[in-house]
Amino acid sequence: MRMSVFGFGTTRRFAAIAILASFVFSNVFAGSAMRGGELNIVSKSSATAKWTTDLTQLGREGRLRENLNFENETLRLIKVLAEGGVRQPVIVDEDKAVQETVVEQLALRIAKGNVPKELAGKSIVKIETDGLFSNAPTSADAAKVIDAIVNDAVASKGQTILYVNELTSFVGSRAATTNLLNAIAEGKLVMVGGSSAVAYDEQIESQPEIAAYFAGILVADKNGNAKVDAGREDDSDGYRGDNVSPDMREMLANDTTGGTKRMDVIIQAKDAENQALRAIMSQNNIQLSDRIGNSDTLVVNLPLGSVNELSQSGLINYMSPDRETKSTGHIETTTGTSLMRSQPSGFGRSAAYTLDGTGVGVAVLDSGIYAAQKSFNDGTSSTRVVYSKSFVTGVTSTEDDYGHGTHVASIVASSATRNSNAYKGVAPK
């Protein structure tokens with residue numbers, strides 16, 4: 001192509017030069033992006049543009065509604081995704097609308113920036129399966145569309161999280177294509193699935209080679225049944241005393257940031273779903289990180305400036321820092337056994353001796369003991385479990401299918417010879 005800029009007037013000459021420069025530079029940038037990928041530009045295929053919906057973008061536009069009824073499921077979904085790994089979460093419920101509502105809560109949290117750093121800035125993209133399958137002339141045509149969408153998600157390098165609300169149409173014997181499962185198995189695709197309980201059990205859970213890649217999240221009963229907490233005492237009189245832990249009070253007293261410093265806190269609320277409490281959390285940018293089971297205990301990240309308002313609200317029983325938990329050491333140390341092992345002579349004893357269980361038999365009444373476990377032999381094939389009996393009618397095995405009895409027995413009498421005493425029990429002899 002030839003382009004002459006001579007013979008024009010001054011204004012037209014500058015305009016022509018500007019157009020030429022724009023053309024050259026745009027091609028330079030495009031070329032560099034194609035060569036090195038510095039700009040991280042990911043093309044979106046026509047299949048993705050036509051057959052998917054970006055739920056995160058809907059959240060940014062205010063087109064998704066918050067629904068606290070599915071808070072527990074949303075938090076579990078966030079945990080699975082934030083942990084990474086090959087297993088992908090699947091929302092299990094008979095109602096597709098419920099499945100999608102849970103996923104929308106995640107999209108809304110991402111849009112608001114209220115997610116762990118592992119999920120920040122990512123997009124939840126829903127495959128419009130109903131329209132896709134009903135409009136595809138053949139299953140092969142549907143497979144091509146699905147493969148194109150999956151390829152786009154893979155190319156995003158984890159920035160796109162696909163939402164597939166009919167997962168059993170994409171994996172297992174009924175799958176239109178194997179591309180999606182292969183991408184998951186190779187660690188290239190992040191997704192959220194949706195499925196009914198029956199379909200999940202039959203098509204995924206019952207097939208180990210498929211089940212290994214998915215983690216089911218069963219939606220709890222939302223029929224308005226009263227929450228039962230049989231072990232909970234009546235707290236109608238409220239918490240007596242300061243409802244803020246002493247170390248948090250000390251942090252408040254020493255705070256030099258004007259209350260802007262943030263920290264992770266455990267709040268024992270009177271009613272975790274109370275709208276007034278939620279309003280305080282929203283107004284103070286208190287971010288919910290987790291909820292302990294079905295209890296009213298919340299794990300949040302909050303600015304110190306909000307502590308007094310929460311304390312005086314009458315809506316909480318107690319709050320304290322979400323303190324780090326640490327291993328305190330081997331069982332000998334934590335129980336104080338190491339201090340008692342060596343017994344000196346005296347006090348009627350003619351010689352010093354060691355407390356290690358020598359000559360003592362121990363009976364463990366529990367779920368059984370797996371006698372072949374290495375904790376119960378001393379470097380040989382002979383076991384120190386000398387007798388086992390089942391007291392369960394119709395069951396003769398004592399091999400401990402549940403593992404609890406084996407765990408308890410190892411605390412009592414695990415071998416002193418394994419891994420340089422790393423697993424030595426309280427009474428190894």
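Trainee: Which residues cover the two faces of S3?

Mentor: Ser123, Val125 and Ile127 lie on one side of strand S3 and Ile124 and Lys126 on the other, and all are buried (under 20% relative accessible area; exposed is over 50%, partly exposed in between; 1.4 Å probe, protein chains only). This is a predicted model, in which local features need pLDDT of at least 70 and side-chain atom pairs pLDDT 80 or more, while totals for chains, interfaces and linings use all residues. Residues are numbered from 1 along each chain as its sequence is written, and side-chain values use heavy atoms, leaving out hydrogens and water.

Trainee: Why is S3 described as largely enclosed?

Mentor: Because five of the five residues of S3 are buried, the strand is largely enclosed by the rest of the structure. Strands are DSSP runs of E with at least two residues, helices runs of H or I with at least four, both numbered from the N terminus.

Trainee: Where does S3 stand in the sheet order?

Mentor: The open sheet of six strands runs S1-S3-S4-S5-S2-S6, with mixed pairing (a pair needs at least two bridges in DSSP). Strand S1 (52-54) and strand S6 (214-218) are the edge strands, each pairing on one side only.

Trainee: In which sense does S3 pair with S1, and in which with S4?

Mentor: S1 and S3 (residues 123-127) are antiparallel over three bridges, whereas S3 and S4 are parallel over four bridges. Thr53 stands opposite Lys126, Asp54 has Val125 as its bridge partner, and Val125 also stands opposite Leu162 in S4.

Trainee: Which strands does helix H7 lie across?

Mentor: Helix H7 (residues 139-155) lies across S1, S3 and S4, at about 150° to S4. Contact here is heavy atoms within 4.5 Å; axes are lines fitted to C-alpha atoms, for helices over the stretch in contact, with angles from 0 to 180 degrees between N-to-C directions.

Trainee: Phe170: buried or exposed?

Mentor: Phe170 is buried, at 1% relative accessibility, whereas Phe133 is partly exposed, at 29%.
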